[in-house]
Amino acid sequence: MNKIKVVLAGQPNVGKSMLVNSMSGSHALKVGNFAGVTVEKKEVEFEYKGNIIDMVDLPGTYSIEGFSLEEKVAHSYLLNEDYDVIINVVDSTHMQRNLLLTLELLNLNKKMVVALNMADEAKEEGIEIDVAQLEKILGVPVVMVSAKTKEGIKELLDKTIEVAKSSKRRESNIVYSDALEEEIIQLSEFFERKNFKIDDLSSRELAIRLLFEDKDIYKRVHEEPIMMELQPRLLSALEHIYTHHETRDIKEIKANEYRAIAYGIKMETIRCSSKRKKHKDLTRRIDDILIHKYFGIPIFLFLMWGLFQLTFKLGALPVDLIDAGFVKFGDMVGSFIPHEGIRSLIVDGIISGVGAVVMFLPNIIILYIGIALLETTGYMSRVAFLLDGFFHKFGLHGKSFIPLVTGFGCSVPAYMAARTLKSEKDRLITLFIIGFMSCGARLPIYVLFTGAFFGKERAGDVIFLIYIAGAMLGLIMAKLLRTFVFKGEDEPFVMEMPKYRLPSFSLIWHTVYSKSWSYLKKAGTFILMASMLVWFASNYPKQPKLEQEYMAKIEQIKDENVKKALENELKLKMLENSYLGKIGKVTEPFFAPLGFDWKMSVALEAGLSAKEVVVSTLGVLYAVGDNVGEDSNPLIRELRENISFASAMSFIVFVMIYLPCLAASMVFVKEAGGYRYLFYLFIFTTTTAWILSFITYRVALLF
């Protein structure tokens, strides 16, 4: 017969001893003491389906990380003794409190089964537990049992034997807070690159144990050569984690994480009937309002509406000052550079390119402050929980909400925020649809076209509809990707559900500063390069004969308006014969069915470098000069005269969908895992944009 050694672990008063009796069919437990201590040891051996079950009942303990003798004994036994499987006994009527020990046991990385005891009492109290969902969240088998009525006892024994005999143990599916997950991911990637392993621990499990300062793992890693490279990474990771918590005590941080996760599991898996009355603390009372079944989503939409109003209106105030500052700086620098070509490169290419990024930084900062406020108070986690069911219908998780909302500010940090999604399929789906959330750089294009074709009175409403339409389209695309590309069931996860707290200034500063600096450093570098490329493509090859011919005409004319018209005509002809113009002519047939001329095609192509470039490119191509903004009246007039309403609507749809800027695309490559995914994204977004723009154009022609 096979002998299976089983350890029962649980908090006090969860019915472990009674459960052992129900499983063994005997009341005769062997009672003794653990070696060297006075703590009582209970053990029983019995036969079940041709297997000898040797079961040890550990003393009840609230934590195996504590200092009491029982806790030390439980920790020592679980960590050092040989056994096949842990049965974690949980009181079904107080599951949230009991799950704190469950989370500690999961971090031991042993084979495990969770027994939800007192199932009969839970039913009497009107508690309904979604066992299947709980099993998916924890990553280990879960069985509802009652030691009193012997409900589920056979199922528990069968599952225990199955787990004990399985060749590979299951890994936990628990997801921690964003800051901790970010460091877990980075350490995991480091261990994988180094091909470093300890026993059968995965790289993720090893990272968690180290970040939680597991002494046994520290001792073993300390003896390895990898420690020299690992130590500064650990110090940096811990500093980041400390910044996001109100303490530098990792044990307290760990306890806070566990409490938040346990609360999240409870909210995700337990439903109580109206007859169950409990005292509610402040967090519960606030949750009753903010995540209310009917009022929760309207409250969230109102808060987000307010945030976007602040982002776009308050953020627009310094835009003109920043723009004017860069223009003056460009003029000043240009006055010291005699060579026309170099002056144009530095002023029109480099300074204008950097200015295009910095100009939208106020919008980005305000959006990040708003999101950081919602996150640090604990509200954003509730929204993820609130939208989880809705997102599941589209093959997404509630936690995808965070990267998607960030995408309204900038796709670069949005792609990086998707790291916290544990499942690769969920992460890739989220990465693929972030581009459908219109980033702040697309706003000037929307303002320009809605102002030109709808008027200022209706432009705001139309822009709101554009943002909503993009978000809904992203969800539909997520469903299609889940159905046809990334097939399979979406994996569950636990949203962190911490208590509400006052926002921390230091944490908000850290979040806003780091993300804003990342935006400037990453996006600014790529946009700078792209702007220089656009400058080169629009200025070369030179056409001296054409330029001399027009300059001769211009010198003979005294009327300033006529001079300006000829100068703009010269710019347009030079553009038509430049590399940029030639590209536009070549690609014009591709865009012609959408109602675009070659100028609109070139503007879209220039927008691949940075969406901010689209407006200035349109200004150049429609011969009103390149120093234009989204509220430029001459450009609006030219667009009305040269572009039909149907073409304009088609253009807006294409801008809303097609590939993000170069900076975001490079970050996408890094986060998705290779350039092949960028190729897939290009095909996916371009095809979708072309088809929907074509439909929009044809429908708009009817009106």
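Colleague: What percentage of the 703 residues in the protein do buried residues make up?

Modeller: Buried residues make up 55% of the 703, where buried means under 20% relative accessible area, exposed means over 50%, and partly exposed lies in between, using a 1.4 Å probe and protein chains only. This is a predicted model, in which local features need pLDDT of at least 70 and side-chain atom pairs count only at pLDDT 80 or more, while totals for chains, interfaces and linings use all residues. Residues are numbered from 1 along each chain as its sequence is written, and side-chain values use heavy atoms, with hydrogens and water left out.

Colleague: Why is the pair of Phe 390 and Phe 394 called edge-to-face?

Modeller: Rings of Phe, Tyr and Trp (its six-membered ring) pair if their centres lie within 6.5 Å, and planes under 30 degrees apart count as stacked, over 60 as edge-to-face and the rest as tilted. The ring centres of Phe 390 and Phe 394 are 5.2 Å apart and their planes stand at 65°, so this pair is edge-to-face.

Colleague: What makes the pair of Phe 536 and Tyr 540 stacked?

Modeller: For Phe 536 and Tyr 540 the centres lie 5.0 Å apart and the planes are at 25°, so the pair counts as stacked. The structure holds 28 aromatic pairs.

Colleague: How do you know whether Phe 394 is buried or exposed?

Modeller: Phe 394 has a relative accessible area of 16%, so Phe 394 is buried, whereas Phe 390, at 34%, counts as partly exposed. Phe 536 is also partly exposed, with 39%, and so is Tyr 540, with 25%.

Colleague: What makes the charged end of Lys 611 sit over the ring of Tyr 658?

Modeller: A charge sits over a ring if NZ of Lys or CZ of Arg is within 6 Å of the ring centre and within 35 degrees of the ring normal. The charged end of Lys 611 is 4.5 Å from the centre of the Tyr 658 ring and sits over that ring. Tyr 658 also belongs to an aromatic cluster that includes Phe 449, Phe 651 and Trp 690.

Colleague: Which residues have the most contacts inside the largest nonpolar core?

Modeller: They are Phe 401, Phe 449, Phe 651 and Phe 668, in a core of 92 residues; a nonpolar core is a set of buried Ala, Val, Leu, Ile, Met, Phe, Trp, Tyr and Cys residues joined through side-chain atoms within 4.5 Å. A second, separate core has 65 residues, among them Val 140 and Tyr 258.
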